[in-house]
Amino acid sequence: MSNAWAWWVILLIVFNLGLTFFLFLWAPWARVPVLPDGTTGHSWAHGAIREGLHRLPGWWLFLSFVMFIGAFGYFVLYPGFGNFAGTLGWTSSQEHAQAAQANAVRLAPAMARLAKLEVAAVAADPQGRQLGARLFIDNCAACHGREGRGNMRLGAPNLTDGDWLYGDADEAMASSIRDGRNGVMPAWESLGEQTVNQLTAYVLSLSGQIRETDDALAGKTVFAGTCSACHGPEGKGNPLLGAPNLTDDIWLHGGSREAIRQTIRDGRQGHMPAWSGRLNAQEIHLLAGYVHHLAHPDPDEADNVARR
């Protein structure tokens, strides 16, 4: 904090605390004019209700005085009075670091045990799922949702449907978390509106949403020359490229005709950030286990989710 801001903070504290403390000392002795009957003269309901006057009770004055002493003492012991660091030398960053270190020490045995397990074993381990769920909520839920069901508006995939753009191998999951992913679907607007509509019809037919029409048949020829390089000749996708399977009726950006047409015409840009700079190897391992669990929940848990 610059000296100018520090003095501004000091001025505000002195003014506010000084003014309220002055009013606190002055109020009990202030003389308020009253009528002979002890009321102030303010009345309502045509005089049926009149405002009385009573002195503040002693217990209220005592507690208020203790609170003022506590406020003054706080600015002596802790930082807050401008750039004054406080006599205790306390800082929030130092306390956070100490708490994080203490928590790491408590978790160390569990983390070491879980690090030796395969991803599927971590998914089956109650403690592994619990730790992974906390990591997921803190780092992944903003895009994928708290229950991992994804967000079409963000292009964040549903992690519970068992459909994986880059494969369902344990290392593929860990790699996605550790290194991130960048998905690029090129825009095909240059092909013209009619061709885009034909491609849309063919993609809809691949997933069984419509039968093969003349547009779909025309789109099949275009698909073979433009789209099959990534999605494969049968549209079943390519995990090496992150190209989705177009035959399973699972859609990252929506499976309606208009959503598919927009994807083909305008393209899509997907970005999964790399978490290696924020999470260590053990935490990434736990997250991979939890993501595995989301796609393969226990039968009882799956029934509960379905009912919700």
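A: Begin with one residue and its element. This is a predicted model. Met185 sits in strand E3, which runs over residues 181-185.

Q: Which residues is Met185 in contact with, leaving aside its neighbours within four places in sequence?
A: A contact list shows what packs against a residue from elsewhere in the chain. For Met185 the list is His231, Thr263, Ile264, Gly267 and Arg268.

Q: Where is His231, and is it buried or exposed?
A: Read the element, then the accessibility. His231 belongs to helix H10. The cut-off for buried is under 20% relative accessible area. His231 has 10%, so it is buried.

Q: What does His231 touch, not counting residues up to four places away in sequence?
A: Met185 is one of its partners.

Q: Where is Gly232 found?
A: Loops are named by the elements they join. Gly232 is in the loop between helix H10 (228-231) and helix H11 (257-266). Its relative accessibility is 16%, so Gly232 counts as buried. Gly232 touches Phe223 and Cys227, again not counting residues up to four places away in sequence.

Q: Which elements hold His144 and Met272?
A: His144 lies in helix H6, residues 141-144. Met272 lies in strand E4, residues 268-272.

Q: Is His144 buried or exposed, and what does it touch?
A: His144 has a relative accessible area of 9%, so it is buried. Beyond residues up to four places away in sequence, His144 touches Phe136, Arg149, Gly150, Ala156, Pro157, Leu159 and Met272.

Q: What is Met272 in contact with?
A: Set aside its neighbours within four places in sequence. Met272 then contacts His144, Ser176, Ile177, Gly180 and Arg181.

Q: Is Arg265 buried or exposed?
A: Do not judge from the residue type; check the value. Arg265 has 16% relative accessibility, so it counts as buried. Arg265 lies in helix H11. Its contacts, not counting residues up to four places away in sequence, are Ala187, Trp188, Glu189, Glu193, Val196 and Glu258.

Q: Where is Gln198, and what is it in contact with?
A: Gln198 is in helix H8, residues 193-206. At 11% relative accessible area, Gln198 is buried. Leaving aside neighbours within four places in sequence, its contacts are Asp215, Ala216, Ala218 and Gly219.

Q: Which residues does the "transmembrane region" annotation cover?
A: The unreviewed UniProt entry gives residues 6-27 and 59-78. Residues 6-27 are 95% helix and 0% strand, with end C-alpha atoms 31 Å apart. Residues 59-78 are 95% helix and 0% strand, with end C-alpha atoms 28 Å apart.

Q: How is the chain divided into domains?
A: Look at the bounds, then the centres. Domain 1 is 3-77 and domain 2 is 114-295. Their C-alpha centres lie 63 Å apart.

Q: How much space lies in the second largest pocket, and what lines it?
A: Take volume, then lining. The second largest pocket holds about 430 Å³. It has 17 lining residues, and Asn103, Leu107, Met111, Leu135 and Glu283 lie nearest its centre.

Q: Which helices supply the lining of the second largest pocket, and which classes make it up?
A: Helix H3 (92-115), helix H5 (126-139) and helix H12 (281-295) each supply at least two residues. H3 gives the largest share, 6 residues. By class, the lining has 9 nonpolar, 4 polar and 4 charged residues.

Methods
Residues are numbered from 1 along each chain as its sequence is written. This is a predicted model: local features need pLDDT of at least 70, side-chain atom pairs count only at pLDDT 80 or more; totals for chains, interfaces and linings use all residues. Side-chain values use heavy atoms; hydrogens and water are left out. Helices (H or I, at least four residues) and strands (E, at least two) are DSSP runs, numbered from the N terminus. Buried means under 20% relative accessible area, exposed over 50%, partly exposed in between (1.4 Å probe, protein chains only). Contact means heavy atoms within 4.5 Å. UniProt positions are given in the numbering used here, feature names are shortened, and annotations may be inferred rather than shown by experiment. On a 1 Å grid over the protein atoms alone, a cavity is a set of points where a 1.4 Å probe fits but cannot get out, and a pocket is an open set with protein on both sides within 12 Å along at least five of seven lines; lining residues have an atom within 4 Å of a point. Grid points are joined across faces, edges and corners, and a volume is the space filled by probe spheres set on the points. Ala, Val, Leu, Ile, Met, Phe, Trp, Tyr, Cys and Pro count as nonpolar, Asp, Glu, Lys and Arg as charged, and the others, Gly among them, as polar. Domain bounds come from an automatic or database domain assignment.
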